[in-house]
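Me: Hi! Could you walk me through this one?
Reply: Happy to. Here it is.

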Amino acid sequence: MKWDTLDEEPCSLSRTVAVVGDRWTLLILRECFLRVRRFEAFQSSLQITRHLLSERLKKLVRFGILRRVPYSEAPKRYEYILTQKGLDLYPIIMAMVHWGDTHMGDERGRPLLHEHKTCGKLFDPVMVCSECGEALNAKQVHVHAGPGRKEAVG
């Protein structure tokens, strides 16, 4: 596999990593979910160079994860808003946050707490079976080849 062609692999994870698999892109997405929208705010929060931030935002727009919406005409400035495709990354981001809280925390505790607006309770993200609702872990899942899998050459 080559980094440049990951988005062409017959593997859903490879194609996803091709779009969101670098550290700056993941941190930009974190900021998006924290409702940061403007270039200057991203730059200030992340301390990222303008060039690098511009490149990552363009890529996220090109892949339909963010959309650019003008908020000022003179000078022309844009906000970056998560699309539905971008919002669909929320479980991935939350799973990574939970992993970090569990395995990379220190004595100060979690840097952010997440509250479910509907019930008002703090929560931990969990993955459940879409069919029966039972919580899942890796030992409870069996993987089968799907219709998009590349046939083995042989």
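Reply: One term before we start: "buried" here means under 20% relative accessible area. Also, this is a predicted model.

Me: Thanks! Which residues of helix H3 are buried?
Reply: In H3, which covers residues 39–46, Phe39, Phe42, Gln43 and Leu46 are buried.

Me: Where around the H3 axis do they sit?
Reply: Those residues cover an arc of only 95° around the axis, so they lie on the same side of H3.

Me: And what covers them?
Reply: The cover includes H2, H4 and strand S2 (76–82).

Me: What follows H3?
Reply: Glutamine 47 comes next, and its phi is positive, near 55°.

Me: Switching to H2 and H4: at what angle do they cross?
Reply: Roughly 75°, with the axes of H2 (residues 23–33) and H4 (residues 50–62) coming within 10 Å. Angles of 65 to 115 degrees count as roughly perpendicular, so that is how H2 sits relative to H4.

Me: Which residues make that contact?
Reply: H2 brings Trp24, Thr25, Ile28 and Leu29. From H4 come Leu52, Leu53, Arg56, Leu57 and Leu60.

Me: How many of them are nonpolar, polar or charged?
Reply: The contact of H2 with H4 has 7 nonpolar, 1 polar and 1 charged residues.

Me: Last topic: what domain does UniProt place at residues 11–108?
Reply: An unreviewed UniProt entry places "domain: HTH hxlR-type" there.

Me: How much of that span is helix, and how much strand?
Reply: Residues 11–108 are 60% helix and 15% strand, and the end C-alpha atoms of the span lie 39 Å apart.

How values were computed
Residues numbered from 1 in each chain as written. Predicted model: local features only at pLDDT ≥ 70, side-chain atom pairs only at ≥ 80, totals over all residues. Heavy atoms only, no water. Axes fitted to C-alpha atoms, helices over the stretch in contact; angles between N-to-C directions. Helix = DSSP H or I, 4+ residues; strand = E, 2+ residues; numbered from the N terminus. Parallel < 35°, antiparallel > 145°, perpendicular 65-115°, else oblique. Contact = heavy atoms within 4.5 Å. Nonpolar A, V, L, I, M, F, W, Y, C, P; charged D, E, K, R; others polar. UniProt positions renumbered as here; feature names shortened; annotations may be inferred. Buried < 20%, exposed > 50% of the residue type's maximum accessible area, 1.4 Å probe, protein only. Arc of directions from axis to C-beta.
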